[in-house]
Amino acid sequence: MGTICHHTMSLDGFIAGPDDSMDWAFAYGETTSLANETMKRIGAILAGRRWYQLATERWNGVGGIYGGAYDGRVFVLTHRPSDKSEDPRINFVSDGIEEAVATAQTAAGDRDVGIFGASLSQQCLQAGLLDEIVIHLAPVLLGGGVELFSGGDGKRIDLERISLGKGEQLTDLRFRVVKQ
Ligand SMILES: NC(=O)c1ccc[n+]([C@@H]2O[C@H](COP(=O)([O-])OP(=O)(O)OC[C@H]3O[C@@H](n4cnc5c(N)ncnc54)[C@H](OP(=O)(O)O)[C@@H]3O)[C@@H](O)[C@H]2O)c1
């Protein structure tokens, strides 16, 4: 039971290209062994409101997660708690990052919580709430977009590499966050 920041990332550190484009990530058409393993470990997802809006408009909402293979709940952290989704698997939460992680963890049961997006990953890191970082490194330089690790607070965070794997084009990286 823990939290996993789980993303496909370009070599220059972006998890979405300009205009939140994700075509580059879908283009490889491969699901690596670490991706399969991580999907199975994740019992609930915590994402931010931008993810919700984009996923709803462009990628079939929860149905688009992990190529349609995800069937758990998604908790969306937002300042607009009165928002409603037609999808019962989506729940809006507004009581801060700690409460949001706790709520998602309860829903995940004995599995892990997947953290989606740069904003929530940073907030979890800074609050000491992130346990693992799983990256599928894509062989592309996007040149702009949403940077995963740009919002640090100047404090160093050490990581321990747990595994390194090779897909056809993607490189799998799994790290444990070393807690202070
Ligand atoms: N490559 C990948 O594998 C992958 C995976 C997932 C996501 N993504 C990409 O990541 C991007 C989304 O991430 P993002 O970091 O830009 O945005 P985000 O985390 O999805 O959304 C940020 C928004 O969430 C709400 N929020 C965040 N923290 C909050 C808090 N503590 N309390 C209340 N509300 C809070 C705020 O919206 P309000 O103030 O409007 O409520 C904030 O503007 C998208 O481009 C998506 O495609 C990529």
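Predicted model: local features only at pLDDT ≥ 70, side-chain atom pairs only at ≥ 80, totals over all residues.
**Exercise 1. Describe the surroundings of β3: which strands does β3 join, and in what sense do they run?**

Step 1: Start with β6 (residues 112-115). β3 and β6 run parallel and are joined by 4 bridges. To find one spot on your screen, go to Leu 46, whose bridge partner in β6 is Ile 115.

Step 2: Now try β4. Here 5 bridges do the joining, and the two strands again run parallel. Ala 44 has Arg 73 of β4 as its bridge partner.

Step 3: Count burial, where buried takes 20 or more other C-beta atoms within 10 Å of a residue's own. In β3, 5 of the 7 residues pass, so the strand is largely enclosed by the rest of the structure.

**Exercise 2. Find out which residues of α3 are buried, and how they are arranged around the helix.**

Step 1: List the buried residues of α3: Trp 51, Tyr 52 and Ala 55.

Step 2: Look down the helix axis. The buried residues of α3 fall within an arc of 100°, so they line one face of the helix.

Step 3: Turn to the face that points away from the buried side. There you'll find the exposed residues Glu 57 and Arg 58.

Step 4: See what the buried residues pack against: β3, β4 (73-77) and β5 (90-93).

Step 5: Step just past the end of α3, and you'll reach Asn 60, with a positive phi of about 65°.

**Exercise 3. Say how many residues surround the ligand, and which are closest.**

Step 1: Count them. The ligand is surrounded by 27 residues, and the closest are Ala 16, Gly 48, Arg 50, Thr 78 and Gly 117.

Step 2: Trace the shell back to the elements.

Step 3: Sort the shell by class: 13 nonpolar, 10 polar and 4 charged residues.

Technical notes:
Residues numbered from 1 in each chain as written. Near = placed C-beta within 6 Å. Nonpolar A, V, L, I, M, F, W, Y, C, P; charged D, E, K, R; others polar. Buried ≥ 20, exposed ≤ 12 C-beta atoms within 10 Å, placed from the backbone. Arc of directions from axis to C-beta. Contact = placed C-beta atoms within 7 Å. Pairing = 2+ DSSP bridges.
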